[in-house]
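Dear colleague,

Please find below the structure that I am handing over to you. My findings follow directly after it.

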Amino acid sequence: MNSSAARKKNILLIALLIPVSLILSGCADDDYAIEKRYWRVKKQADKILANPHACPPNQLEKTVSALNSFSEKYPKSSLAVDAEFSIANLYIITKDYESGRAQLKKIIKKYEKSKELAAQSVFFIGNSYELEDKWPAALEQYKRILQNYPETVKGIEIPIYIAQHYKVKFEPDKMNAALQEAISHYKTMAARYPLTPMSYTMDMLVAQCYSEMKDWQSTINTLNAMLKTYNGKVSLEEIMLNLSAIYSQKLDNPAKAIEILNVLIKEYPKSRYVNPAKDIIKRLSEKQ
Amino acid sequence: MVSLKKAYLKTYQLAKGNPVLFLPFAAFAAFEFVSLIILYLAPRMPLKLLFGPPIRSLWGERFLHYPANFILLPKLASLARVCLTVVIGSLLTGIATLLVYNLYKKNKPVIKEVFKTVLKQYLSLFCIVLLFTLIFYGLDKITSKLLIKYFTSGHTNLLFLGAKFWLGLGLMTLNFTAAVLIQSAFVYAIPVLIIEKATLTKAILKSFGLFKKLFLKTVALVLFPMLIYIPVIVIQYDPAFLITRLFPEAVLLASILSLIVSSLVVDLTITVTAANLYLMNKNE
């Protein structure tokens, strides 16, 4: 074979290799292929979620079965968990609460090592009771999250969630009691993990609870204590902004608000809050 | 004075009687198609190894997953088109222009010879297309940045219209107008370079001169074929809409439609008609 023919053969081989490798990469059963399959199944579920009352029973069964098959076929994919939650969601939205809760219990058992997933599942069980207008049963679930999974995202959010429920239902006494409980819970948590990001979050939530109760003095005391505790450890701009907002908007004390903002500008000259702080000072000065 | 209608008619006759004229544009469309397929497969192995890190750091992890990758696809395809236009499109436009010149002179063009001749002027062709592209993208960036700065600094209206218009349809219209005007200014540079064998600077200056002399005709020459492209721009404007209302792969189909229209219709009509108009004007 002469060199020209060999060269032509090589070029042909390369030209064939490119489309073949492209086609093969398109057929691989990789994460992307799994995502694509899940998207199709999820689209069926989304149709039911958009209009649950118009959904024929066989459609629900078909979708649940597709989601189940997906999670069984790809148990290691993070989308498998999403599929399982989608099943629970479908049952709950179509008012089959018992099946929904059974599915959520199944998730808790299956992923018992993941506290976040367990807390999320218990939260949805509580939600399902709320949808049935069974608040005591829902509250029992939420308290379970507080007891068993206090360090999870849901565990942190739940005390305020409970208080919000009473706020929406116009039950101020129960709301204040829930907020007091939340404050004591957050304070205990902050004491358990002193000077950590967790304690900082807890202290901020304590301040949020006091402000929900319109107890401005306690809010200020909490924020001032945070200024001392976390000085030099984290950026304190947001705490300062909160304090100045309380003084100017709630306590009608623009002079104190300006004083705090001036400290912010002095201590954090490169902060993204400097320009807004200057604008607020200008506005408050005009008001004075 | 040569009429634009005559130039378009000549383009039609040449294209109808000489399929060879389609070759450079079909070749560009093929390159663009391969690049589009590569970008479509970018979130998958083994291409993910190459494309994953830049996509992740420039746009975010979510664009490496289905179906969010389709939101980014038109943008990536547009970037690929820009690179291909500068690197390969410049050479192919030169080839197309020389083919038109040969056909105009009633010579039977031999594609291998045409390629060899044009290749000698590749650097100048590359510079012309690069300059045109840089000006267009520079203007595009400046306009959008100025508009964003204007509306984020507290203004709510510009010429009685709000931010929603200016940052959406308004910006698109401004970019389209800029594209037409810039392309019109440079449209004769390649014919001058290839036919007259002029230097790079002379070709660009002569193109500007002709643009000034034949302003309306040149703008119309570029504008009319580009109007065909407007429906494609509209289809591609909101990939998220195509994903949710149709299916994610509709974005890929829209991109394929876009490359067919732009390479085989718009580019062909503008390049061949510009060469025809230049030759007709020269021989008058």
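Helix α7 of chain A covers residues 135–148; at 1.5 Å a residue, its 14 residues should span 20 Å, and this agrees with its end C-alpha atoms, which are 20 Å apart. The expected span is 1.5 Å times one less than the number of residues in the helix. Helices here are DSSP runs (H or I, at least four residues), numbered from the N terminus.

This is a predicted model, in which local features need pLDDT of at least 70 and side-chain atom pairs count only at pLDDT 80 or more, whereas totals for chains, interfaces and linings use all residues. Residues are numbered from 1 along each chain as its sequence is written, chains are lettered from A and ligands numbered from 1 in the order in which they are written, and side-chain values use heavy atoms, with hydrogens and water left out.

Several residues of α7(A) are buried, among them Trp135(A), Leu139(A), Tyr142(A) and Ile145(A). Buried means under 20% relative accessible area, exposed over 50%, and partly exposed in between (1.4 Å probe, protein chains only). The buried residues of α7(A) pack against α6 (115–131), α8 (153–168) and α9 (172–192) of chain A.

The domain assignment of chain A gives domain 1 (1–18 + 35–136) and domain 2 (235–288); such bounds come from an automatic or database assignment. The centres of these two domains, taken over C-alpha atoms, are separated by 48 Å.

Asp279(A) lies in helix α14 (residues 274–287) of chain A. Asp279(A) counts as partly exposed because its relative accessibility is 48%.

I turn now to the interface. The contact (heavy atoms within 4.5 Å) takes 21 residues from chain B and 12 residues from chain A. Between them, the two chains bury about 1400 Å², 57% of it on carbon and sulfur atoms. Buried area is the accessible area (1.4 Å probe) that two parts lose on being put together, summed over both. In chain B, Leu41(B), Arg44(B) and Tyr66(B) lose the most area to chain A, together 49% of what that side buries.

There is 1 salt bridge between chain B and chain A, a term for a side-chain nitrogen of Lys or Arg within 4 Å of a carboxyl oxygen of Asp or Glu. Lys36(A) forms a salt bridge with Glu249(B), their closest N and O atoms being 3.6 Å apart.

Yours sincerely

Conventions:
Helices (H or I, at least four residues) and strands (E, at least two) are DSSP runs, numbered from the N terminus.
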